[in-house]
Amino acid sequence: MRRLNADDWARAALEALAEGGPAAVAVEPVAVRLGVSKGSFYWHFRNRQALLEAALRRWEAATEEVIAELETVREPVARMRALLGRAFGDRHDAAVSFRLISEADDPLVREVARRVTERRLAYMRACLEAAGQPPEEAERRVLAGYATYLGLAALIRVGVMDEMPAELVEAAMAELGLRSSR
């Protein structure tokens, strides 16, 4: 069996967070998830709060990784299509996003959720503006689009939907005022 590192713990904590919110990020259940004793936790973290912080940093870093990958797509409409395809195809991130926004009573969670949400909205706005939309229109469309994404995540969470349908990408592109460029 390979030796676990702090990122393995953070990844497992993020999975627990997606399923049960910040309260699910507890040392013993995360250790069980990893198949190790909870004693190994203390090689990497001083306490549960440090593990939660690491999981939240991991989620925030994932947003930056996605944006960096999307920046390789030169054309803004194609970039937005790629972003929507990832967003609607990543049930895990939708669950984390919805869960963290729902758990915003915790100051740490609220701060990270705010930063990630602001970063995502700004990136989407920049894509729409690069595609020729005026800033006010881009702002309005992005807010409606992101709210729809979170609403769909909520519908999945309560069992109304099983997953985000792939055809939503085209519908979202139209709502964002972008022509299909397939």
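Predicted model: local features only at pLDDT ≥ 70, side-chain atom pairs only at ≥ 80, totals over all residues.
Helix 3 and helix 4 pack at an angle of about 145°, and the largest pocket holds about 700 Å³ of space.

**Helix 3 and helix 4**

- Helix 3 spans residues 48-70 and helix 4 spans residues 76-89.
- Their axes lie 10 Å apart, at an angle of about 145°.
- The crossing of the two helices is right-handed.
- On the helix 3 side, the contact is made by V66, E69 and L70.
- These residues meet R79, A82, L83 and R86 of helix 4.
- By class, the contact has 4 nonpolar and 3 charged residues, and no polar ones.

**The largest pocket**

- The volume of the largest pocket is about 700 Å³.
- Its lining is made up of 32 residues.
- Nearest the centre of the pocket lie L83, A87, D93, R120 and Y149.
- L83 also belongs to the contact of helix 3 with helix 4, where it is on the helix 4 side.
- Two or more lining residues come from each of helix 3, helix 4, helix 5 (91-102), helix 6, helix 7 (135-157) and helix 8 (168-175).
- Helix 7 supplies the largest share of the lining, with 8 residues.
- The lining divides into 19 nonpolar, 4 polar and 9 charged residues.

- With a relative accessible area of 3%, A10 counts as buried because the value is under 20%.
- Leaving out residues up to four places away in sequence, A10 touches L51, A54, A55 and R58.
- Between A10 and A68 there are 21 Å from C-alpha to C-alpha, at a separation of 58 residues in sequence.

- The relative accessible area of T117 is 15%, so T117 is buried by the cut-off of under 20%.
- T117 touches I101 and Y146, again leaving out residues up to four places away in sequence.

How values were computed:
Residues numbered from 1 in each chain as written. Heavy atoms only, no water. Axes fitted to C-alpha atoms, helices over the stretch in contact; angles between N-to-C directions. Helix = DSSP H or I, 4+ residues; strand = E, 2+ residues; numbered from the N terminus. Left-handed = near helix turned anticlockwise from the far one by under 90°. Contact = heavy atoms within 4.5 Å. Nonpolar A, V, L, I, M, F, W, Y, C, P; charged D, E, K, R; others polar. Buried < 20%, exposed > 50% of the residue type's maximum accessible area, 1.4 Å probe, protein only. 1 Å grid on protein atoms, 1.4 Å probe; cavity = no way out; pocket = protein on both sides within 12 Å on 5 of 7 lines; lining within 4 Å. Points joined across faces, edges and corners; volume = space filled by probe spheres on them.
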